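My notes go below the picture.

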Amino acid sequence: MINKPGWIKRIFSGVEDYHRTMTSPERYRRFRRTLTLVMIATFLIPLILTTMLSYYTYRSQMLNNLRWNAESATKTIEAFLSELQTVLAYTVNEHTYKELIDQDNLNKVYHRLKSHYPGVVDLGIIDHKGIQRAYAGPYELLGKDYSDRECFTGATASKIFIGIVEMGYRKVPHFAIAISFFNQDAGQNWVFRSSIDATTLDKYIDKIGAGPTSDIFLVSRKVKPLLQSTSQQYGPPLSPYPFELPHNSLGVTISEERGVWDYVVLKAVSYIEGTPWALVLLKHGYLYGKDWSFFKARLFFIVMISTVLALLVILQITKLFVGRIREADEKRESMMAEIEHTSKLASIGRLAAGIAHEINNPLAIISAKTGLIMDLLEFSEDFKYKKKIGSEINGTSNAVERCKVITHRLLGFARRMDVSLESIDINSLMREVLSFLDQEALYRGIHVDLDLGDSLPIIESDRGQLQQIFLNLVNNAIDAIGKDGKVIIKTRQRDQSSLQIDVMDNGKGISQDIISHIFEPFFTTKDSGEKKGTGLGLFITYGIIKKLGGHISVRSTVGVGTTFTVILPIKTNLSRRVHDVESKSTGS
Amino acid sequence: MMSKVKVLVVDDEIEFATTLAERLNIRGFETTACFCTEDALALIHAKNIPDVVLLDLKMPRMDGMETLEEIKKYNPTIEVIMLTGHGGGIPLVGADRKKFSPFDCIMKPADIHELTLKINQAMAKRQASLNKGEGT
């Protein structure tokens, strides 16, 4: 046999254990619990997996979309800056350093640029010492020292420099683009600096148009970032942005952010190459025109409804299923118990008859010997101990007589009966039986009620045997009451093929531990008083009823009373039964 | 004076057979005891015809019913009372057996008064048969 894993054993223990022990409510509760859990798991695991799969597929589509949007926006801004740098460099390359430090020339260049790029705030030429030598724009910034400013140092170090958005000398948000050139005449570097209005960035970002549920803006790459363009959520440029930027500067980084709207939004961050900026795209889970939270709520609702429905169905099914199994088990167990009981009684019967037979022969010898002694005593003359011997022998004879009664009754149980079938009116038979016991009942103050069914069918059975059965049962009922009580004898048709006779008493009742033994031989509760029982009455009654094709059962409540129920067939194939018994008893 | 009723007790329980024979003798019967069916049949065939045979039902080699059959075939007027130690009664199996039925069947241990009564009744029946001219 294949060894089942432990968990399978545990699951099916409810079923397998049935064969080992009696059915117990705990076992069925455990079986039902396990079955319910298994069914719930069987249902819920695929449901949860499918739900998770849908959720993550949906989410991954959304994230890809967000990534694509962020990349596209980054590229747009990079293209804008690249174009601006190219235009500035080209413009400068048309002139020499000398020409450009001429204020008129620079003003011309400024106006030409301004006409194409209104975002250009001003232009400045900074010499190798960091002093602004020429300036074209709305502010008084000629001669300003830029030697320690990032735009000068940054451009000197790396040719092109783009600064963060700041107020600076101009007191309006702007950012600088500075390009370093080499003056061959003087053999020195100089820097061309242009300030760009920060609103230019807003205009470009607006053109990207990430959608109504999105917020797209630039922030400075600092530990405490500042906004570089206007954010719907966090305000105008130079407002603080309350989150740190990711360390990864390559590609798009996607994360979740709980912002001022107090709900979680998706955030894509991308660093813009060659600038001190990072692009931030916030998205409220918007995909294909359907709201993300609505999608989640709908998914959750479907899962919940399915789960509740499944739980209800599973609970009902398991209840029904376990109930049916339990019913079947109990029926089978009760049948098994009855078969076992019947077979046990039959075995006991055969055993008892065998023992009685073996005892009978030596008993016959003892009886004959004591009889002979008595005979001899009777015919002998008087001697000293004649009386004493006679009395002892008499005692022995009485003991033998008692043994004889027992062995004969035991043999009667297993005896092949010459059943004589006749038509019997069960009601009149009950009246006959009662006529034997009337005096006894009267003497003890016991009232016997006959509750006889109307127009009962005439049955075919053995009158003598039936009399013996009911005499015994009514006699037992009277004994159970003792004094002053009531016996009810009830007859009725049970179904098309059988009659039911109940013998009820309101006596002391029989306890549960005794009731399972009452049809066994030598089992008696009449162990004291004048009516000492042999313990064979119900044993023999049981045997006769079985031989007549009937059935006897007993119900009792201690202190309330006992009911013996006899079921008799209306017609029974007794000839076959007698033949069966005969063939078994032949040769014994 | 009437002659004594001849009784043959056949039982393999020697103690039982001899004691019963003695008790019956005390009560005025002329009783012989045999401890096997072969001896009993030999006795009958030797013209020692008993009036009543008390025959144990269960005996080795040849059981009581077969012996009954033999006795009845030899002399149908001999009455046989079966003694049985078990509750099975007389196993009436087969048509022939019904032809040779015993006078009565008494369960062991039998009461001596019941037994003497049955013997006397059996004797009366045998007498009636003899008067009718049955038997040899």
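These entries cover chain B and one of its helices.

**Ground rules.** I'm working from a predicted model, where local features need pLDDT of at least 70, side-chain atom pairs count only at pLDDT 80 or more, and totals for chains, interfaces and linings use all residues. Residues are numbered from 1 along each chain as its sequence is written, with chains lettered from A and ligands numbered from 1 in the order in which they are written.

**Chain B overall.** I found 5 helices and 5 strands in chain B; these are DSSP runs, helices being H or I of at least four residues and strands E of at least two, numbered from the N terminus. Along the sequence I read β-α-β-α-β-α-β-α-β-α. Of its 136 residues, 41% count as buried (20 or more other C-beta atoms within 10 Å of a residue's own; exposed is 12 or fewer, partly exposed in between, with C-beta atoms placed from the backbone).

**Helix H5(B).** I checked its length: the 21 residues, 112–132, should span 30 Å at 1.5 Å a residue, and the end C-alpha atoms are 30 Å apart, which agrees. (The expected span is 1.5 Å times one less than the number of residues.)

Which residues of H5(B) are buried? I get B:Leu115, B:Ile119, B:Ala122 and B:Arg126. They cover an arc of only 70° around the axis, so they sit on the same side of H5(B); the arc is taken over directions from the helix axis to the C-beta atoms. On the face turned away I noted exposed residues, including B:His113, B:Glu114 and B:Lys132.

Just past H5(B), B:Gly133 has a positive phi of about 95°.
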